[in-house]
Amino acid sequence: MAAELGGAFLSSFLNVLFDRLSDPDIINIMRGRKVNQKLLQKLKTILNVVEAVLNDAEKKQITDSAVKRWLEDLQDAIYDADDLLDEVATKAATQKNPPGNFLSRFLNLQDREMVTRIEDIIVKLEEIAKHKDILRLEKITAKNMSGRIPSTSLVKKSDIFVGRDKERHTIMKLLLDDANDGELSVIPIVGMGGIGKTTLAKLVYNDDKVKQKFHVFKAWVCVGEEEFDVLKVTKALIEKICSPCYSNDLDTAQNHLKNALAGKNFLVVLDDVWSSNRERWESFLNPFECGTEGGKILVTTRLDTVASLVKTKHTEAHNLSLLDEDQCWSVFANRAWDPTESRDHSALEEIGRKIVKKCKGLPLAAQTLGGLLRGKDNEKDWNGVLNSEFWELSEEDSGILPALRISYYHLPSYLKRCFVYCSLYPKDFEFDRDELTLLWMAEATFYGGKFFSGILELKNAAKHDTKTRHVSCARNNDDDSLMKIMEACNRLKHVRTLMQINLHKGGVIPEGDGVTVPCHLLEQLKCLRVLSFKFFSDDENLLHGSIGKLIHLRYLDLSYTSIVTLPESLSCLYNLQTLKLRSCKNLKQLPSNMQNLVNLRHLDLFDTGLKEMPKGMSKLKDLQFLSNYIVGKHEENAVGELGELTHLHGSLSIGKLENVNNSGVASNARMDQKIHLNALYLMWSSFEESEVCDSQTEKDVLDKLRPHKGLKKLFMWGYRGTMFPDWVGQPLYYNMTQLQLGGCRNCWVLPSLGQLPSLERLVISELDKLKMIGGSFYKGDGTHQHQETPFRSLKSLEFYDMGCWEEWQSYECDDYDDAPFPKLEELHILHCPKLRGDLPTFLPSLKELRINECEELGCYLPRAPIMRQLLIYGKQEARMWDLPLSLQRLIIEGNQLVEYVFEAIIHTRPTSLNYLRISNCSSAISFPGDSLPPSLKELTIENCKNVEFSIQHQQQHHSLESLRIDNSCDSLTSFTLPAFPNLKYLTIARCENLTSLGSIRLPASLHFLYISRCPLLGEGIERKDPHIWPSISYIPDIYVNGKRIHNDSTS
């Protein structure tokens, strides 16, 4: 579609040039010589001339190839002008000499070439401007550009098959309902172009019941313009309802309409409304709200903003969704064939259903393509439509592209630039929103048409038009990518975008699959604004000094490359806004003069090998995103350099905080003033136990690093103090939803965290000296006075690798309603070998409890009436009050718990359990096979050698699909499974005494049998023992010790 949109937004681009021509720096550079002032004025005049006819050219280019070529020539000239003016602006901004001295050298000696280039551009533009008259281009307003035929209220026969019965019924009910006591109801129908809004409105408008109710006053008006003309629409309604209105006075017209509506029920349909101007809409409603008995207005629109504006308080906007495949097929089939025909269309139907899948549920697409194929019985014609794109269909045959184009025309001009830039991505590519925004920012002026190319589509560089300015390279398994780029760039020396798009699944190119970029590539592409070598190169010296000559460069992405150093000349890129170095693991340092990149707004250093930051980062005052700051040992790269970076957004990680040796330096970072940060990572490097840390200094430093109170996420790792400062956990942090404290090896007490009002996730790990969690964890003073319910919003709580933690004191309260953790859904306690105290007694919202390697834990598990998963690993002997009926997944280890579960299964009979795994039980107990929950689908018994597995009463368990017995049930010598008629997967491992699977045929549903390290049984299967093989030979997949056993009859 991009090829058709060439020049569609040049007016926006021209606005940028006009701004440049008014830039004081550029004016100063040219000041001093009348000829140059005249040159600039002449350039501005010509641009004004061509701007006046751009709307007409944009509209005519679709059908007139000469106009299309005219626009392409104009674009090419404007690109050249923009490149030149950007170069002048850059020199003006970076020139250290006094303006007058520089001016004389610029004009008279070194840069006379620039003046010549301006003169050449003016000549080129003058020639282009002359041709506007030959092409009969004239000035038209933007609102007349769509060319859409206004809709009418008439219903075609094909409209009946719209697939909107549910929506139709809903709208009808609202129109026929009189529950609003005579108040006006405005009902918006909103959805994308071609989704069926107008068709639905027609069906409702022409329904017999609607006609009967609104038989006196019923009117349909197609608005279809960007500006809502109140007088025009009002007069149209008057003409529909009564008689022509010749007055152009709004007051007269509205009084006329009010009098006509007085005391009447009325229905008005406003189709295709675009304006969200509240003042105009409220003015339009005046006649309907003054003395009428109530009525209905049905509005169709593509814009949510319009729907929100027009809907009345008793109504909601009705968003039309895409049709499902069957509905879409119905629309297609009823256009492709006459429903009264009885001919067999089975051969074409198979192709037709594939075509319908391409429609993606869009009714207009199904309707258009079905109509296009009506009367065509040749499979070649149908396959032709199947294998073509919508934009390849002629406008005479297809209404799809015009429908989409209308939405495009109504975009603001600056959004048109952004829209067409997306054509650099392959079809169906899922791009990253933030990355696209940065690219838009780099290309402050985006242009479309043939100026964009996908390099993979271009087998021969000679096919590239020299006007192409934007190139994307899609990396997949194509080893010729670089060669194609080189072939293209030999011709495209004015290219502005060169970026790679990774098509590898998972977003990672296999190691060693990168390529090396030739040194001369960059030297040829002096006009680059966007350069991305992401995932592209294994070359450690990817960039060389010539990068500094790319003075227009705004966006540079070297992420996931093997680069070790960046050339110092990178610091000369005055216009650079985005620098992405994510996962450049070999990168050890940045250029020493990074502070010169004063226009830098986005710097991504995540997962690099940087040792410290370069000096003077505080000069980058426009930075809006800085992923990581690695604190150095010198004043010029200390943490205080962050103080001037007041516009930082998103997340920030500060590393090597051990280099901050006093609180005064920390306070210089002014973290509490960075109000746009939503996530903060404070990181100290790991340290040896022999290292001496001043606990008070560490605490003071952290105290001065306190963030602003609107922070949402806080992560601390490796803090070296023994206690946290008071701000950690203060209720004033009202927005904090995530908190993680890890690797704080000197810390012996947790801060009070229970009163953080919005905290949803808390992770505490590797606090090696913490022995007890007490009352202060819930509230600072450990009392219950004047406090909210502790952890009232917490949903996930995780403790892991707490080697010295011994006790978790319970929070005593008289009423369960006051108990902490009322919303806790997940509780994980992992690798806490000394924990032996109590756990919370009642967790009403808990859905998952996981305990792993907590050998000393012997308390009762929390009561949790809606628990879904209970996962307990290790040797701990925790106890359970009961087995929740809601439990779906249960994994337990150890004698006591296994015995309890067996007993609970017999008595409780849980109704939701679908997965059960028991292990490491040495007790001689019998598995309750006859009492298996009816919902159980998967059962695993492992390392339970003394457990007996038997089913006494041959009760049928229809739900079980998978059974695994591993190193268990030593008494088992023969195995029969008639009780599991739907079993699909059976695994038996390390059952040395098992010799047979029984004389009864195994379940017919079984299609996978795996036998491992069962010497007696395995040997019999391998030699197809007649006592074993007949009962299993029908199973498709049989494996013994990893080797597949083939059935001779099926192999």
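This report describes selected local features of a predicted model.

## Basis of the model

Because the model is predicted, local features need pLDDT of at least 70 and side-chain atom pairs count only at pLDDT 80 or more, while totals for chains, interfaces and linings use all residues. Residues are numbered from 1 along each chain as its sequence is written, and side-chain values use heavy atoms, with hydrogens and water left out.

Helices (H or I, at least four residues) and strands (E, at least two) are DSSP runs, numbered from the N terminus.

Two strands pair if DSSP finds at least two bridges between them. S25 pairs with S24 in the parallel sense over 5 bridges, and Asn852 stands opposite Tyr873 in S25. S25 also pairs in the parallel sense with strand S26 (residues 889-893), over 3 bridges. Here Gln869 has Arg889 in S26 as its bridge partner.

## Enclosed cavities

Rolling a probe the size of a water molecule over the atoms shows where empty space is left. On a 1 Å grid over the protein atoms alone, a cavity is a set of points where a 1.4 Å probe fits but cannot get out, and lining residues have an atom within 4 Å of a point. Grid points are joined across faces, edges and corners, and a volume is the space filled by probe spheres set on the points. By this rule there are 5 cavities of 30 Å³ or more.

The second largest cavity has a volume of about 60 Å³. Its lining includes Leu861, Pro862, Met867, Leu870 and Trp881. Arg863 and Asp882 are also among the lining residues. By class, the lining has 8 nonpolar, no polar and 2 charged residues. In this classification Ala, Val, Leu, Ile, Met, Phe, Trp, Tyr, Cys and Pro count as nonpolar, Asp, Glu, Lys and Arg as charged, and the others, Gly among them, as polar.

## Salt bridges

Side chains of opposite charge can pair when their charged atoms come close. A salt bridge is a side-chain nitrogen of Lys or Arg within 4 Å of a carboxyl oxygen of Asp or Glu, and by this rule the count is 32. One of them joins Glu282 to Arg278, with the closest N and O atoms 3.8 Å apart. Both residues lie in helix H13 (residues 278-289), 4 residues apart, about one turn of the helix. Glu282 is partly exposed at 43% relative accessibility, and Arg278 is partly exposed at 48%.

Arg745 and Asp768 form a salt bridge whose closest N and O atoms are 3.7 Å apart. This pair links Arg745, in the loop between strand S18 (738-742) and strand S19 (761-765), with Asp768, in the loop between S19 and strand S20 (772-773), 23 residues apart. A further salt bridge brings together the side chains of Glu806 and Arg836 (3.4 Å, N to O). Glu806 lies in the loop between strand S21 (796-800) and strand S22 (807-808), and Arg836 in the loop between strand S23 (826-830) and strand S24 (848-852), so the pair ties together parts that are 30 residues apart in sequence.

## Cysteines and positive phi angles

A disulfide is a covalent bond between the sulfur atoms of two cysteines. With the criterion of a pair of cysteine sulfur atoms within 2.5 Å, a search of the whole structure finds 0 disulfides. Cys527 is buried at 10% relative accessibility, whereas Cys804 is partly exposed at 25%.

Cys969 has a phi near 55°, a positive value in a residue other than glycine. Cys969 is placed in the loop between strand S31 (962-966) and strand S32 (985-989) and is buried, with a relative accessible area of 1%. Arg670 also has a positive phi, near 50°. Arg670 is found in the loop between helix H24 (663-667) and strand S16 (677-683) and is partly exposed, with a relative accessible area of 28%.

Methods. Buried means under 20% relative accessible area, exposed over 50%, partly exposed in between (1.4 Å probe, protein chains only). On a 1 Å grid over the protein atoms alone, a cavity is a set of points where a 1.4 Å probe fits but cannot get out, and a pocket is an open set with protein on both sides within 12 Å along at least five of seven lines; lining residues have an atom within 4 Å of a point.
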